[in-house]
Each structure stands twice: as structure tokens, then as C-alpha cells.
Amino acid sequence: MTTMTERIKKLNDKPFNDSGKYVAYVMEASQRAYFNHALEFAISLANEKQKPLIVIFNLTDKFKHSNLRYYTFMIEGLVKLKKAFEERRIKFVIQKSDYVSGSIKLSSNSVALVTDKNYLKTQRAWRKKVSEQIDVPLFEVESDVIVPIEIVSNKKEPYAMTIRPKILNLLNQFLQPVEHQELKISSNDFEFDELNFKSVSEYLQILNIDKSVKPVSEYYAGGFDNAEKFLKIFIEKKLSSYKEFRSDPTKDFQSELSPYIHFGQISTLQIILEILKHYDLKDQNVQTFINEAVVWRELARNFCYYNPLYNEYEGIPDWAKQTLEEHLNDKREYIYSLDELEFAKTHDPYWNAAQIQLLKTGKMHNYMRMYWSKKLIEWTKEPKTAFDYACYLNDKYELDGRDPNGYAGISWCFGTHDRPWFERPIFGKIRYMNDKGLERKFDIKKYVEKYSSL
Ligand SMILES: Cc1cc2nc3c(=O)[nH]c(=O)nc-3n(C[C@H](O)[C@H](O)[C@H](O)COP(=O)(O)OP(=O)(O)OC[C@H]3O[C@@H](n4cnc5c(N)ncnc54)[C@H](O)[C@@H]3O)c2cc1C
């Protein structure tokens with residue numbers, strides 16, 4: 001495991017409790033049984049301490065954005081993990097608890113806790129709290145990116161072009177398979193207080209979550225097996241034209257993997273290693289995919305990690321705030337309420353189609369996400385409102401929402417990681433997009449036909 005040490009951080013200075021019954025991995029961001037550095041580190045620690053390993057998932061309904069759509073997707077994945085862990089001789093426990101109290105309770109009988117890394121404020125605060133309140137070590141292992149973000153850079157990177165060479169220089173070193181080890185002392189028969197339902201709906205029934213946002217399992221059903229199916233289709237049918245067509249919302253050339261990547265059901269490391277079994281690293285489509293799935297994705301993590309205002313209007317660059325504020329009093333032709341936007345009731349058929357794609361399938365096409373977010377700037381009284389609406393709708397309906405990519409993507413529409421363009425009304429020097437662009441570039445009417453009603 002050549003690149004393991006760079007991924008591990010000890011979050012407190014507590015000593016091992018060698019009389020503990022087990023080593024525990026508190027799984028949160030990387031919800032998978034393979035290609036998971038945190039899991040492999042936990043196995044090696046358990047083997048070294050000659051203890052069993054328990055993997056725990058704390059299922060809570062207290063999370064701000066909890067709703068039926070993404071809990072269904074997440075639990076579909078978790079249920080399948082039971083079997084995957086069993087095959088690896090590891091006990092996987094789903095317990096109804098929040099991350100902090102579940103981890104603290106678990107720590108009293110454990111030698112040490114291991115967890116994975118998350119870049120967002122709430123989840124980082126959970127880890128900090130646990131590290132301070134337990135009496136055993138808490139190890140955080142970074143398995144969500146190819147190159148650990150603090151190794152890439154110790155500061156907020158202003159542009160993709162500044163972070164790209166840093167990541168690409170380290171790519172070969174970190175693009176390494178994960179060694180899947182055997183757990184010496186099986187924990188399969190370990191008795192634990194756990195939720196042990198057979199079906200996804202039984203888990204959902206005990207959760208007090210927003211049931212108004214419907215599941216989208218007919219489009220995207222959760223689980224690593226489905227992630228691997230999408231990956232296979234992508235490699236066999238789409239990747240050879242990814243560079244040419246990935247931006248066209250009327251064509252289906254994106255990988256569709258973002259919901260799976262978001263929940264950690266598949267890692268970008270596995271995806272890229274699999275691609276490289278079939279394609280050369282120098283292939284231009286592979287290079288384009290790496291630019292999205294590694295450079296832009298890891299830039300989004302850099303952005304959230306080093307900028308606590310990542311999900312706020314105030315977190316956009318100074319030049320962008322200044323130019324938007326200079327145009328605060330510009331006349332807006334249309335002003336829409338959140339309700340009108342949410343239910344796709346604007347005058348613009350392209351925007352409505354994008355919102356309908358989101359409501360219906362749980363995943364809007366990348367190009368339309370840019371257009372969608374830019375239009376909010378034009379159709380709200382002030383850019384701060386537009387920013388808040390974008391975060392709200394993105395987090396509520398996108399299966400891959402509540403992710404650094406979402407906050408960085410929205411912030412990009414407000415000037416982050418971008419440069420000033422030509423001055424124009426409302427937007428000032430922020431890059432502008434309009435319907436004429438969609439009509440010029442794509443057969444956009446086809447997209448509207450596909451997503452014309454709910
Ligand atoms: C306003 C706005 C909001 C967005 N919200 C989200 C979000 O909530 N969650 C999310 O994962 N992505 C978000 N994106 C980025 C991008 O649109 C999605 O990652 C992409 O559409 C996911 O589909 P895919 O996996 O089929 O993409 P593919 O083209 O197959 O890309 C593969 C992977 O690369 C990464 N990727 C692709 N494009 C980007 C990008 N621009 N920035 C960072 N990573 C990228 C994703 O992990 C994606 O799964 C947003 C972009 C914008 C402009």
C-alpha cells in the first residue's frame with residue numbers, strides 16, 4: 001500500500017485501548033466494501049491488534065436535507081453492503097443514531113476508531129467532536145479523491161489551471177490499486193445492537209424524513225452493482241465520444257455515475273483504473289474524463305476545504321461580488337418566486353425542461369445545470385437570493401447534491417474559478433449564458449420534448 005500513509009491523519013492524541021473488543025470503522029463518506037482506503041487501513045489495524053473489525057453506519061434522520069429520494073438511494077446501497085462485507089468476513093452494522101453519539105458509544109469497547117474523510121463543514125465538525133470526546137484514537141483516512149487534497153495544495157486554488165498541473169504531477173503516484181486484505185479474525189458472528197431489516201422500505205419507515213421528494217429508482221437505483229453497470233456501459237458505449245458529446249443535453253454521453261460517486265458507492269479511483277484497462281491514458285476522451293472526474297472534482301474539494309463560505313454567496317471572489325453589486329439596481333424583466341422555480345413555471349421552456357429533468361429523474365444534465373443556475377441570477381431580485389435558491393433546489397432534488405461539486409458548481413456560475421468577461425446588465429462581468437447559445441449549439445427542442453411535463 002504505497003500511497004496509504006499520505007491518506008491517514010490521526011485526529012486526536014489518545015492512546016490505543018488494547019483491551020477493547022474490536023477495531024471499528026465508522027463509515028460515512030465512502031459507502032463501499034472495495035477500493036476503500038479507510039476500510040483497508042481499519043483491517044490492517046485490526047489484524048495488527050489481533051482483534052475483529054466492525055464496520056458501522058449511523059443512520060440518522062436529523063440531517064438537514066434528509067428526504068425520501070436520496071435516503072432510498074443510499075439505503076439501497078447500504079443493504080447490498082451487508083452481503084459484500086459478510087463475504088469479506090466483516091460484520092457490518094447499520095444503527096439508528098447520529099454520527100457523533102453513535103461513534104462515541106461505539107468507542108467505549110473499541111481499540112480505536114477509523115473513519116473516512118469528508119470535506120464539508122457539518123461532517124468535519126462531527127469528526128472533530130468525536131475526536132475530542134472519545135478516549136481512543138480516531139484515524140481519518142482519505143479515500144474520496146485520487147490525490148489527497150492537502151498533498152495537492154495547502155491553499156484555496158483560484159482556477160482549474162492552477163490546480164491541474166499539481167494534480168497531474170502526482171497522478172501516477174496515487175493512481176494505484178487498493179490492496180484488498182483479509183481480516184484475520186472474522187467478526188461475522190459478532191452480536192450487535194443493530195437494525196436488521198430485509199427491505200429498503202422497512203428502514204425508510206422508521207425515519208422521520210421529508211417524504212414529498214419521490215424516489216427515482218427507475219432511473220438510478222442505489223448500490224455498487226448498479227454503479228458498475230453504468231461504468232460498463234460508459235466504457236463500452238460512450239467514452240469513445242465523451243469529449244465530443246458530453247456537453248450536449250440532447251445526447252446521452254455522460255457516465256451517469258455522479259450519484260454513486262457522491263455516496264461513495266464507487267470511487268473515482270476504481271472508475272479510472274477500470275477505464276485504463278480498456279483505454280490508453282493519453283486517449284483524448286480519457287484525458288477529458290480525468291479533467292472532470294479528477295481535476296474539477298478535486299478542485300471542488302479544495303474549494304470547500306479551504307473556503308468555509310463555500311455554500312454562501314459571500315464565498316464568491318471579491319471581483320465577482322463587486323461587479324454583481326454594481327448591477328444590483330438593473331431592471332430585471334422576470335422575477336420568479338421559489339415556488340414558481342421549483343415547479344418549473346417560468347416563461348423559458350429550456351429552463352423548465354431542465355427543472356423537470358431534475359424533479360423527475362433526480363439528475364440534471366451538466367450543461368443545463370450551468371444554464372439553470374445562471375438564469376437564477378437574472379430572475380431573482382438579488383444574486384444572494386439566486387445563490388440560496390440554487391443551493392436549496394440542488395440539495396433537495398439532485399441525487400448527487402449536498403456535495404462539494406454542487407457548491408463549487410453553483411459558485412462557478414457566480415464567478416468562482418472563472419475570470420471576468422464582458423460587462424453586461426445584471427451580470428456585470430460574470431460569464432453569461434442565454435437561450436440563443438442553447439439553440440445554436442444543440443437540437444435543444446429535442447430536450448424540451450423529452451422533459452415537457454412532470
Ligand atoms: C450549477 C451546478 C451544480 C452542480 N451540482 C452538482 C452536484 O450537486 N453534485 C455533483 O456531483 N456535481 C454537480 N455539478 C457538476 C456536474 O454537473 C455533475 O458532476 C455531472 O453532471 C454529473 O453527471 P455524470 O456523473 O454523468 O458526469 P460525467 O460527465 O460522466 O462526469 C464524471 C464525474 O466527474 C465529476 N464531474 C463532472 N463534471 C464536474 C464539474 N463540473 N465539477 C466537478 N466535478 C465534475 C463528477 O464526479 C462526475 O460524476 C454541478 C455543476 C453545476 C454547473
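A salt bridge is counted here when a side-chain nitrogen of Lys or Arg lies within 4 Å of a carboxyl oxygen of Asp or Glu. By that rule, the whole structure holds 37 salt bridges. This is a predicted model, in which local features need pLDDT of at least 70 and side-chain atom pairs count only at pLDDT 80 or more, while totals for chains, interfaces and linings use all residues. Residues are numbered from 1 along each chain as its sequence is written, and side-chain values use heavy atoms, with hydrogens and water left out.

**The sheet**

Let us begin with the strands. Helices (H or I, at least four residues) and strands (E, at least two) are DSSP runs, numbered from the N terminus. Two strands pair if DSSP finds at least two bridges between them. Six strands form an open sheet with mixed pairing, in the order β1-β6-β5-β2-β3-β4. Its edge strands, β1 and β4, each pair on one side only. On average, neighbouring strands of the sheet are turned by 25° against each other, direction ignored; axes are lines fitted to C-alpha atoms, for helices over the stretch in contact, and angles run from 0 to 180 degrees between N-to-C directions.

Here are some of the strand pairs to look for:

| Strands | Sense | Bridges |
|---|---|---|
| β1 (residues 8–10) and β6 | antiparallel | three |
| β5 (residues 110–116) and β6 | parallel | four |
| β2 (residues 22–26) and β3 | parallel | four |
| β3 (residues 53–59) and β4 | parallel | six |

**Around β6**

Which residue of β6 is the bridge partner of K10? The partner is F139, and F139 is also the bridge partner of V114. From β5 the chain crosses through helix α4 (residues 121–133) to β6, making a right-handed β-α-β crossover. Right-handed means that, with the strands pointing away from the viewer, the path from the first strand over the helix to the second runs clockwise.

Strand β6 (residues 138–141) is covered on both faces, with L138 and E140 buried on one side and F139 and V141 buried on the other. Buried means under 20% relative accessible area, exposed over 50%, and partly exposed in between (1.4 Å probe, protein chains only).

**Towards β4**

In β3, Y25 has V55 as its bridge partner. Helix α3 (residues 99–107) packs on the sheet, touching β2, β3, β4 and β5, and its direction makes about 150° with that of β5; contact means heavy atoms within 4.5 Å. Helix α4 packs on the sheet as well, touching β5 and β6, at about 155° to the direction of β6.

Further along, I54 stands opposite K91 in β4. A right-handed β-α-β unit is made by β3, helix α2 (residues 68–87) and β4. Strand β4 (residues 91–96) is largely enclosed by the rest of the structure, because five of its six residues are buried.

**A few salt bridges**

Side chains of opposite charge can pair when their charged atoms come close.

Another salt bridge joins E157 and K155, with the closest N and O atoms 3.7 Å apart. E157 counts as buried at 1% relative accessibility, whereas K155 is partly exposed at 42%. K436 and D435 also form a salt bridge, at 3.8 Å between the closest N and O atoms, and D435 is partly exposed at 26%. Through shared partners, salt bridges link K9, E28, D116, K117, R127, E140 and E150 into one network.
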